[in-house]
Amino acid sequence: MTIKPLADRVLVLPAPAEEKVGGIIIPDTAKEKPQRGKVIAVGNGTKDEAMVLKEGDTVLYGKYAGTELENGGEKYLMMRQSDVLAVVTD
């Protein structure tokens, strides 16, 4: 199934949560929710706000931003462009 966001929404694949910290394995219940991810799909924007994000961008977003979706066993976040805090460049 293909997901195409509408208006000013973006589909983000969250980065995996850290499994180990200093040799200590972190259980699933104690892992922090990642706040970084890769943009998979973008909407067209709205008449008042152009879409500035593009597919492939690595972004930072708020801890509680977006709605969780699952597609093909993969977990995604659907959020508004305004929920994205920054684009990360290497």
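Student: Which residues make up the largest nonpolar core?

Tutor: In this predicted model, where local features need pLDDT of at least 70, side-chain atom pairs count only at pLDDT 80 or more, and totals for chains, interfaces and linings use all residues, the largest nonpolar core has 12 residues in all, namely V10, V12, V39, V42, M51, L53, V59, Y61, A65, L77, M79 and V84. Strand 1 (9-14), strand 4, strand 5 and strand 7 each supply at least two residues of this core. Residues are numbered from 1 along each chain as its sequence is written, and side-chain values use heavy atoms, with hydrogens and water left out.

Student: What makes such a set a nonpolar core?

Tutor: The term stands for a set of buried Ala, Val, Leu, Ile, Met, Phe, Trp, Tyr and Cys residues joined through side-chain atoms within 4.5 Å. Buried, in turn, means under 20% relative accessible area, while exposed means over 50% and partly exposed lies in between (1.4 Å probe, protein chains only). Of the 90 residues of the protein, 27% count as buried.

Student: Why is D57 called buried?

Tutor: D57 has a relative accessible area of 9%, which is under 20%, and therefore D57 is called buried. Its place is in the loop between strand 4 (36-42) and strand 5 (58-61), where strands are DSSP runs (E, at least two residues) and helices are runs of H or I with at least four residues, numbered from the N terminus.

Student: What makes the pair of K54 and D57 a salt bridge?

Tutor: A salt bridge is a side-chain nitrogen of Lys or Arg within 4 Å of a carboxyl oxygen of Asp or Glu. The closest N and O atoms of K54 and D57 are 3.2 Å apart, and so the pair is a salt bridge. K54, with a relative accessible area of 52%, is exposed because this value is over 50%. The side chain of D57 also reaches the backbone nitrogen of K54 at 3.0 Å.

Student: How many salt bridges does a search of the whole structure find?

Tutor: The search finds two salt bridges. One of them joins the side chains of R80 and D8, with 2.7 Å from N to O. This pair links distant parts of the chain, with R80 in strand 7 and D8 in the segment before strand 1, 72 residues apart. D8 counts as buried because its relative accessibility is 8%, whereas R80 counts as partly exposed because its relative accessibility is 36%.

Student: How do you know that strand 6 and strand 7 pair?

Tutor: Two strands pair if DSSP finds at least two bridges between them. Strand 6 (residues 67-71) and strand 7 have five bridges in the antiparallel sense, and therefore they pair. The bridge partner of L69 in strand 7 is Y76. These two strands form a hairpin with two residues between them, and G72 in the turn has a positive phi of about 65 degrees. Strand 7 also pairs with strand 1 in the antiparallel sense over four bridges, where the bridge partner of L11 is M78.

Student: Why is E74 called partly exposed?

Tutor: E74 is found in strand 7 (residues 74-80), and its relative accessible area is 39%, which lies between the two cut-offs, so E74 is called partly exposed. Not counting residues up to four places away in sequence, E74 touches L13 and L69, where contact means heavy atoms within 4.5 Å.

Conventions: Polar contact = N/O pair within 3.5 Å; in protein donor to acceptor, adjacent residues only side chain to side chain.
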